[in-house]
Amino acid sequence: MSAPTHIPVLLQETIEALAVQPGGRYIDCTLGAGGHAAAILDQSSPGGQLLGIDADPEAIEIARSRLEAYGSSILLVNDNFADLEAICIKYDFLPVHGILFDLGLSSLQLNGHSRGFSFQHDAPLDMRLNPGQKVTVADIVNTSSETKLAQLIKTYGEEARSNQIAYRIRQERPITTTLQLARVIEQAVGGRRGRLHPATKTFQALRIAVNHELEHLEAALKQAINLLGFDGRLVVISYHSLEDRIVKHFMQQESKDYICPPGVPTCICGHKACLRLINKRVITPSPREVQLNPRSRSAKLRAAERLIIHDEYYRGTEEHGLSAQFSAEGWRRPAMLKKLRVAFSSF
Ligand SMILES: C[S@@+](CC[C@H](N)C(=O)[O-])C[C@H]1O[C@@H](n2cnc3c(N)ncnc32)[C@H](O)[C@@H]1O
């Protein structure tokens, strides 16, 4: 039997959206099996560098052996992208030409038999990306109130039958394995209707909740802006509407000069656009890609480019007095890079 693989989604589109160039510096915030990372390294050769981050230590090890040939061009870090800025400061890896988020799980995680991400295999109810984290899905399922469970399944799973499912879960507790939970959900909703297995949305909800996926995404996007050099690219591939909504809203807000509420006659927010949208319409996989890799079917790619900001407004680095200089002088200048390093090293 051949080893399980992960096929990188929208690969060519990602490389184009990142505008990968020789000698560039890139961050892959969701390294996974290293498919996108390898393509970025190939395209940025000679002289390209890549910082690869993944919360899952198993993913880091798989990517490490796959990317071994790239030697000192890569730096792999087992951490959560919610701490993106701190990671870049720690490893002195900023500013960068491009940042990629390819959200969700890799096929290796989904097909793995022991992590509890899928109800196709029986496994303990875990779903933690980082096994060092304390709380598992079993803890959430067995200790949350029925109201909390219903709310979580509705919000993160967009599941209309969340009350029935939460009620049944409370009746059947303790629930310790994936197949047990899938059966309980099936009983709650009266069996399968339509294409989706009735447990799909609840499993998505529990995974999002246990890993704080949406909060981490929001936090990381804000930090990413400050790490991009002028005309650096931010590229995000999402796989469900909750993620895509966050990415779309974030990129739209950051590409506007004013974000005052409607009806305010003169601007009170002082907000300045710091991104330019690259693709006005979201990029999705071709029918051919979906045929070859069905997992890609829900993928949505959004990309934006970092703009120069001409005034004092520059979030995140203001306290270091870097804002105006960083924005107006250009990050490729060695003197500016040195100043940034000095300022950040005081953290
Ligand atoms: C879809 S896979 C990436 C696949 C990769 N692009 C490739 O081509 O092989 C997503 C990866 O992101 C990781 N991940 C998800 N959320 C994360 C987070 N908050 N911090 C760090 N890694 C995360 C997962 O562990 C998983 O390995």
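In this predicted model, the ligand is found in the second largest pocket. A total of 24 residues surround the ligand there, and the closest of them are H36, D54, F81, D102 and Q109.

At A55, a polar backbone atom lies 3.0 Å from a nitrogen atom of the ligand, while at A33 a backbone N or O atom is 3.0 Å from one of the ligand's oxygen atoms. How much of the ligand's accessible area does the protein cover? On its own the ligand has 610 Å² of such area, and the protein covers 98% of it.

The cysteines make a second topic. Counting disulfides in the model gives zero. For C88, the nearest cysteine sulfur belongs to C29 and is 7.4 Å away; a disulfide requires two cysteine sulfur atoms within 2.5 Å, so C88 is in no disulfide. Is C88 buried or exposed? Its relative accessible area is 0%, and C88 is therefore buried. C260 has a relative accessibility of 19%; because buried means under 20%, C260 counts as buried too.

Terms used:
Residues numbered from 1 in each chain as written. Predicted model: local features only at pLDDT ≥ 70, side-chain atom pairs only at ≥ 80, totals over all residues. Heavy atoms only, no water. Near = heavy atom within 4 Å. Polar contact = N/O pair within 3.5 Å; in protein donor to acceptor, adjacent residues only side chain to side chain. Areas by Shrake-Rupley, 256 points an atom, 1.4 Å probe, with all protein chains shown as cover. 1 Å grid on protein atoms, 1.4 Å probe; cavity = no way out; pocket = protein on both sides within 12 Å on 5 of 7 lines; lining within 4 Å. Sits in = over half its atoms within 2 Å of the grid points. Buried < 20%, exposed > 50% of the residue type's maximum accessible area, 1.4 Å probe, protein only.
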